[in-house]
Amino acid sequence: RNLLDMDTFSKSDPVVVLFVQGSGSSEWKEFGRTEVIDNTLNPDFVRKFVLDYYFEEKQNLRFDPLGSHGAVLGAQDFLGQAFVALGEVIGSQRGRLERPLTGVPGKRCGTILLLAEELSNCRDIVTMQLCANKLDKKDFFGKSDPFLVFYRSNEDGTFTICHKTEVVKNTLNPVWQPFTIPVRALCNGDYDRTVKIDVYDWDRDGSHDFIGEFATSYRELSRAQSQFTVYEVLNPRKKCKKKKYVNSGTVTLLSFSVESEFTFVDYIRGGTQLNFTVAIDFTASNGMPSQPTSLHYASPYQLSAYALALKAVGEIIQDYDSDKLFPAYGFGAKLPPDGKISHQFPLNNNVDNPSCAGIEGVLESYLQSLRTVQLYGPTNFAPVINQVAGTAAQVTDGSQYHVLLIITDGVISDMLQTKEAIVTASALPMSIIIVGVGPAEFEAMEELDGDEVRLSSRGRYAERDIVQFVPFRDYVDDSGNQVLSMARLAKDVLAEIPEQLLSYMKTRDIKPRQADP
């Protein structure tokens, strides 16, 4: 809108060039260009840019509108530029963001309007159930133990396994449990692509016996919504050998239903806000902040591990939080004036309003606290987890989702209470990220992560896996490139957040709100 006019006898003929920046890199590479629109200062471009979107990465974009005489960038062509992160566009209201163009000294360059939409790309999920009848008997002493293996065909004619049913023991007429599979996994969104299904007899030693096979397609399977579909199971080797061979049994599709799966972007576009809270470890094991050996030590040349972890995670999440106000707490310190130990003191020293303005505000309050409190102990997580859980429990309709970042140097002191707090929090709209800094052993944190074994406390199991733990040392770049270290850390710790948000919405049957047109 209102671009600079660089042509003498007519208006500019604008084209917009999109540049992208690699993760952890400062280099800009041209990604693509819009079409040229002649003689206008208010162009509406038709050509779209299709980008892969990763919530866990800071995907920096640069838009350069140019006057189009010539394909090479020249000073006379430059109409301004705008810098934006892809997450900012997606996180803005209705995926629509307007930015001022800058870069031409002393001149107003107008604005650029960006719209982001997610390609539907086959989000459908299929639930189906099959049974078989009169399958070949393969076991010497009993009947067969049949299971099905589904394969989707690839462009080059090969097949990729995409699903296995459970084994039904000792029967030639099995009925398998209904199962669910994304359409894109079944056929890559191509409804007429071959889906091959093999029938096997399970053997304990893994040398499963081939009973037979049949082929179908998504389109054919979907017809079963109105009728039973029966497939003949054929064994090609038997067919060649035996003249009277008919088949090795039949498989019947009993039911087939399709529903659309909502994505993380659907909820963000529908107005779900991510609320970011920070909790920082102020225990004495970190070392005196004024000493270079301390994990809290910030030299004039580089940030401490705590500040790096905070920036890495916070700078991505802030794009999805409209007010950019972040509650920030410390734990494990003695507070002035009376030396009382606290496990959830506000870094900005304001008990009524612990929120800081932006990530820079959090960093400022963190550094200020280091100068005023005394590092002490113990390392208690439960109070701050319960604090955020209390806030999350107030709004559970899907409009708010909380992410708590805990940065710590060591062994947790209140393990039982923390497990109890996490199990309770797993039923609420929240996720917890724990970043371990320093050289300590973090085995206890792995237990909280719950990836291997579902976390439990006093006989109660966590409803969802909501904790992601990573040791910061695994992400430090050997060459000392802090930008790269931060990008690597953010990529890993944030990767599970979209799925965790979706799992909450799904268990509560919360649909995304429709964005206003």
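Biologist: Which elements make the right-handed β-α-β unit, and where are they?

Modeller: This is a predicted model. Strand β15, helix α6 (residues 305-317) and strand β16 form that unit. To read the hand, point the strands away from you and follow the path over the helix; clockwise is right-handed.

Biologist: In what sense do β15 and β16 pair, parallel or antiparallel?

Modeller: Strand pairing rests on at least two bridges. Here β15 (residues 273-281) and β16 run in the parallel sense, with four bridges. One to look up is Ala-279, whose bridge partner in β16 is Tyr-329.

Biologist: Which residue of β19 stands opposite Tyr-329?

Modeller: Pro-346. Strand β19 (residues 345-346) pairs with β16 in the antiparallel sense over two bridges. Strand β20 (residues 355-357) is also antiparallel to β16, over three bridges. There, Leu-325 has Ala-357 as its bridge partner.

Biologist: Why is β16 described as largely enclosed?

Modeller: A residue is buried when its relative accessible area is under 20%. Strand β16 covers residues 325-331, and six of its seven residues are buried, so the rest of the structure largely encloses β16.

Biologist: How many residues does helix α7 have, and what span does it reach?

Modeller: Helix α7 (residues 358-372) has 15 residues. From first C-alpha to last it reaches 22 Å, close to the 21 Å expected at 1.5 Å a residue.

Biologist: What do the buried residues of α7 pack against?

Modeller: Start with the residues themselves. Among them are Ile-359, Val-362, Leu-363, Tyr-366 and Leu-370. The buried residues of α7 pack against β15, α6, β16, β19, β20 and β21 (374-375).

Key. Residues are numbered from 1 along each chain as its sequence is written. This is a predicted model: local features need pLDDT of at least 70, side-chain atom pairs count only at pLDDT 80 or more; totals for chains, interfaces and linings use all residues. Side-chain values use heavy atoms; hydrogens and water are left out. Buried means under 20% relative accessible area, exposed over 50%, partly exposed in between (1.4 Å probe, protein chains only). The expected span of a helix is 1.5 Å times one less than its number of residues. Contact means heavy atoms within 4.5 Å.
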